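Here is a friendly briefing to read alongside the model. It covers the aromatic pairs, the salt bridges and the ligand surroundings.

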Amino acid sequence: VARPFNELPGNWKTSWLNLYRFWQEDGFRNVHNIMVHRFQKFGPIYREKLGNYESVNIIDPEDAATVFNTEGLYPERFSVPSWMAYRDFRNKPYGVLLKKGEAWRHDRLTLNKEVLSPRAMDKFVPLLNEVGEDFVKRVYMQIERSQQGRWTADLTNELFRFALESVSNVLYGTRLGLLQDIIDPDAQQFINAITTMFHTTTPMLYIPPDFLRRISSKTWQDHITAWDIIFMQADKCIQKIYRDLRQNRKSTKEYMGVLGSLLLQDKLPIEDIKANVTEMMTGGVDTTSITLLWAMYELARAPALQEKLRTEIVTARTAAKGDMLKVLKSVPLLRATIKETIRLHPVAVTVQRYTTDEIILQNYFIPAKTLVQVGIYAMGRDPRFFTKPEQFNPERWLSTDCKHFRGLGFGFGPRQCLGRRIAEVEMHLFLIHMLENFKIETKRGVDVGTTFELILMPDKPIYLTLRPL
Ligand code: HEM
Ligand code: 2DC
């Protein structure tokens, strides 16, 4: 018979003392490594309470399967407290990211049709393809400018711009022009605000935002300023499309992007459309760009893999006669490369769910309404679940042996990442165009680690060299 909840290993009895110790071991920027250590110390399940944050943590794919297979119709994850607090403070509506129950499901089903369904994918492939091609043009221009036949740079901000240009083209059906030398300062301000917003979220995972607000802490103030900029810039983009539509400046026959399509359908109130479009525009910047940065870093260290991918891509393109939708369906090694990148470098350190019923994990009773976190960063680096986890080896995803609940980088089920298809298509097309044109190189012997900025990121700048083939 299973053991009681109160016998779970871990530090869960002294939450504020734990938080103090966590702060002492520099835990705030190191959540991922601390989780790895906790699993080594306590085994495959532990319970923890840090300040206000209480959870049960698991690492085994079989336990993840138990959690996700019982998640029900309205799965709920940990709601980031400061994101809720901002909206409550400013009286802004929630989008799918923060909604619950039937309200969440209603929005989500409408949005799925626009961004996650195969039909939607057909529409945004050409939109994302042109942005990928323009990035290549920009790289050629930088190479010419360098007069050295190559371009070496920290590409982080270039990729932020690429990602914002991409997601905006899908959402609004128009280009912002972020792949030029001089860009709209508003767009750069938006990009910087997202970085600040993520950065200032971290301490408020554990310390109630309301408390920080009352003591007028800088973290809280920076956080609301960041969200204010995010909402204001997104609102400008939304208003522009809304006006164009009302004045019939765009023909209603051509595809006008996700926003135009939502406005015409009239299935969601305008306030909810705005909230959701703002979330997608914000969620679509740092996620895909940082993943692409990691992908290029790993590819730079694996020249033989780059060659293999080029062969796969050329073959696929020839067979598809340039039809990019077909190309995307015939590049299995490239798909695996992205999966492998996300295994070692997930955006999200965990994927979490509140249990709806009592379940048993590792022979412990877990009551309903418990926050269970699957430590996907720790799982991805554990030799019990991936042989030679330290090796970047996309081919591991192509063999048929057990991949059961191991690829959770976008979450799982009806509450998985809403932007998953956009992200996947955007990243595939980017790498296709880059690999067709450039060799990706990096200095050897520079090992880059990971830091927790709410999403996981490289802990130092990555310098990449792009050289025409
Ligand atoms: C949710 C990862 C890109 C918008 C999530 C979740 C993860 C995730 C792990 C939680 C899923 C769960 O709880 O099961 C990623 C990764 C990305 C990415 C790895 C790229 C490499 C994007 C993009 C967008 C986006 C491009 C916007 C278009 C969202 C939204 C949610 C979400 C709105 C909340 C969905 C809901 O609660 O219904 N993402 N994401 N993400 N993501 Fe992404
Ligand atoms: C952060 O302990 C660590 O995709 C916490 O595009 C648990 C947690 C909960 C929700 C996760 C978050 C972590 C990381 C960032 C995620 C978020 C859900 C969605 C969000 C994974 C793991 C992200 C980056 C969205 C953000 C869109 C938003 C800012 C409008």
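## Briefing

Trp227 is buried, with a relative accessible area of 3%; buried means under 20%, exposed over 50% and partly exposed in between, with a 1.4 Å probe and protein chains only. This is a predicted model, in which local features need pLDDT of at least 70 and side-chain atom pairs count only at pLDDT 80 or more, while totals for chains, interfaces and linings use all residues; side-chain values use heavy atoms, with hydrogens and water left out. Residues are numbered from 1 along each chain as its sequence is written, and chains are lettered from A and ligands numbered from 1 in the order in which they are written.

**Aromatic pairs**

- Phe231 also counts as buried, because its relative accessibility is 11%.
- Trp227 and Phe231 both belong to helix H10 (residues 218-246), where they sit four residues apart, about one turn of the helix. Helices (H or I, at least four residues) and strands (E, at least two) are DSSP runs, numbered from the N terminus.
- The count of aromatic pairs comes to 23. Rings of Phe, Tyr and Trp (its six-membered ring) pair if their centres lie within 6.5 Å; planes under 30 degrees apart are stacked, over 60 edge-to-face and the rest tilted.
- Trp227 and Phe231 make a tilted pair, at 5.8 Å centre to centre and 50° between the planes.
- Phe22 and Phe28 have ring centres 5.9 Å apart and planes at 80°, so this pair is edge-to-face. Both Phe22 and Phe28 are buried.
- One aromatic cluster is formed by Phe22, Phe28, Tyr53, Phe78 and Tyr206.

**Salt bridges**

- Side chains of opposite charge can pair when their charged atoms come close.
- The structure holds 34 salt bridges, each defined as a side-chain nitrogen of Lys or Arg within 4 Å of a carboxyl oxygen of Asp or Glu.
- In one of them, the side chains of Arg343 and Glu340 meet at 2.8 Å, N to O. Both residues lie in helix H16 (residues 332-344), three residues apart, about one turn of the helix, and both Arg343 and Glu340 are buried.
- Glu424 bridges to Arg420, with the closest N and O atoms 3.0 Å apart. Helix H18 (residues 420-437) holds both Glu424 and Arg420, four residues apart, about one turn of the helix, and both are buried.
- Asp459 and Lys460 form a salt bridge too, their closest N and O atoms being 3.6 Å apart. Asp459 counts as partly exposed because its relative accessibility is 41%, and Lys460 counts as partly exposed because its value is 36%.
- A network of salt bridges links Glu130, Asp134, Lys137, Glu165 and Arg175.

**Around ligand 1**

- Which residues come nearest to ligand 1? Of the 26 residues around ligand 1, they are Arg77, Arg108, Arg353, Arg415 and Cys417. A residue is near a molecule if one of its heavy atoms lies within 4 Å of it.
- An oxygen atom of ligand 1 is 2.8 Å from an N or O atom in the Arg415 side chain. For Trp104, the distance from a side-chain N or O atom to an oxygen atom of ligand 1 is 2.9 Å.
- At Val96, a polar backbone atom is 3.3 Å from an oxygen atom of ligand 1. A polar contact is a pair of N or O atoms within 3.5 Å; within protein, one must be able to donate a hydrogen and the other to accept it, and residues adjacent in sequence count only if both atoms are side-chain atoms.
- Helix H5 (101-115), H12, helix H13 (286-300), strand S4 (351-354) and H18 are the elements that give two or more residues to this shell. H13 gives the most, with three residues.
- The shell around ligand 1 divides into 13 nonpolar, nine polar and four charged residues. Ala, Val, Leu, Ile, Met, Phe, Trp, Tyr, Cys and Pro count as nonpolar, Asp, Glu, Lys and Arg as charged, and the others, Gly among them, as polar.

**Around ligand 2**

- Tyr53, Met197, Glu279, Gly283 and Gln352 come nearest of the 15 residues around ligand 2.
- The Tyr53 side chain has an N or O atom 2.7 Å from an oxygen atom of ligand 2. Gly283 has a backbone N or O atom 3.5 Å from an oxygen atom of ligand 2.
- Taken alone, ligand 2 exposes 630 Å², and the protein buries 89% of that; such areas come from the Shrake-Rupley method with a 1.4 Å probe.
- Helix H12 (residues 270-283) gives the most to the shell around ligand 2, with three residues.
- By class, this shell has seven nonpolar, six polar and two charged residues.
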